[in-house]
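Hello,

Here is the structure I promised to pass on. Please open it first; my notes follow below.

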Amino acid sequence: MKILSNKTKTQNIVLLTIITVALLWCFALLCCFETNAAHADVVTEPDSKISFVLYANNTAYKVKVRDKTISEVVIPDTYNDLPVTAVADNGFMGCSNLVMITLPTSITLIGNNAFYNCKNLETVRGLAKVRSIGNNAFANCVKLSEMILPPVESLGKQIFKGNPNRIYARMSEDGMAELNPNWADGMVYGSIWRCYCNKLSR
């Protein structure tokens, strides 16, 4: 039986170590690729102006703009047989031509800066089921008016910064302040109106 020298043994150990590290590196790259693939944008059609991003748990999509020249959009409630549940962070930020957007009742979250600086946005429909609104979600949407906020569970800060128009809410100002005392910061006139069963009180 051939006995290996100490030098040969050392060389074999080094070689095995290099192979092991290389295999672990390849495995890590593969995992990273699969994770990124799970988060890749999925466009509805080649000429679509919006795209959908799959959540990491593969149970729902969030939506964002693909073509910032968009002026009006109706978001579907499902895509690839999964619900569309959120407007992504920065989803439509800076869409200066956007005038109206219609959300499906499946949307429960509007992300941070979702419509930030959409200066011509006048109408947002389909807010009834929204339960969370992120920071600066509608900041600098200076034409947005007659908007009715549903009862929410989470509010970001400065969500209507720069807005001079009436905003209605189906919950008390105290209740909204409990969620986030800075939610109305930056409103031009602080013009928040409360809405209870269609009876308005200031």
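First, a caution: this is a predicted model. Of the contacts in the protein chain with a separation of 6 or more, 34% link residues 24 or more positions apart.

The fold first. The chain carries 15 strands and two helices. It has 202 residues, and 36% of them are buried. The exposed surface comes to about 11600 Å². Carbon and sulfur atoms supply 56% of that area.

The largest nonpolar core holds 43 residues. Phe92, Phe115, Phe138 and Phe160 have the most contacts inside it. Several strands each give this core at least two residues: strand 2 (50–54), strand 3 (61–65), strand 6 (82–87), strand 11 (147–149) and strand 13 (167–169). In soluble globular proteins, nonpolar side chains tend to be buried together.

Leaving aside residues up to four places away in sequence, its contacts include Ile50, Val63, Val65, Val87 and Phe115. Lys64 and Cys118 are also among the residues that Phe92 touches.

Then confidence. Mean pLDDT for the chain is 81, and 70% of residues reach 70 or more. Strand 8 (residues 109–110) has the highest confidence, at 98. Strand 15 (residues 199–201) has the lowest, at a mean of 41. Two stretches need care. Residues 29–40 have pLDDT below 50, with nine contacts in the model beyond near neighbours in sequence. Residues 195–202 are also below 50, with 16 such contacts.

Best wishes

Note on methods
Residues numbered from 1 in each chain as written. Predicted model: local features only at pLDDT ≥ 70, side-chain atom pairs only at ≥ 80, totals over all residues. Heavy atoms only, no water. Helix = DSSP H or I, 4+ residues; strand = E, 2+ residues; numbered from the N terminus. Buried < 20%, exposed > 50% of the residue type's maximum accessible area, 1.4 Å probe, protein only. Contact = heavy atoms within 4.5 Å. Areas by Shrake-Rupley, 256 points an atom, 1.4 Å probe, with all protein chains shown as cover. Core = buried A, V, L, I, M, F, W, Y, C linked by side-chain atoms within 4.5 Å. pLDDT = per-residue confidence, 0-100.
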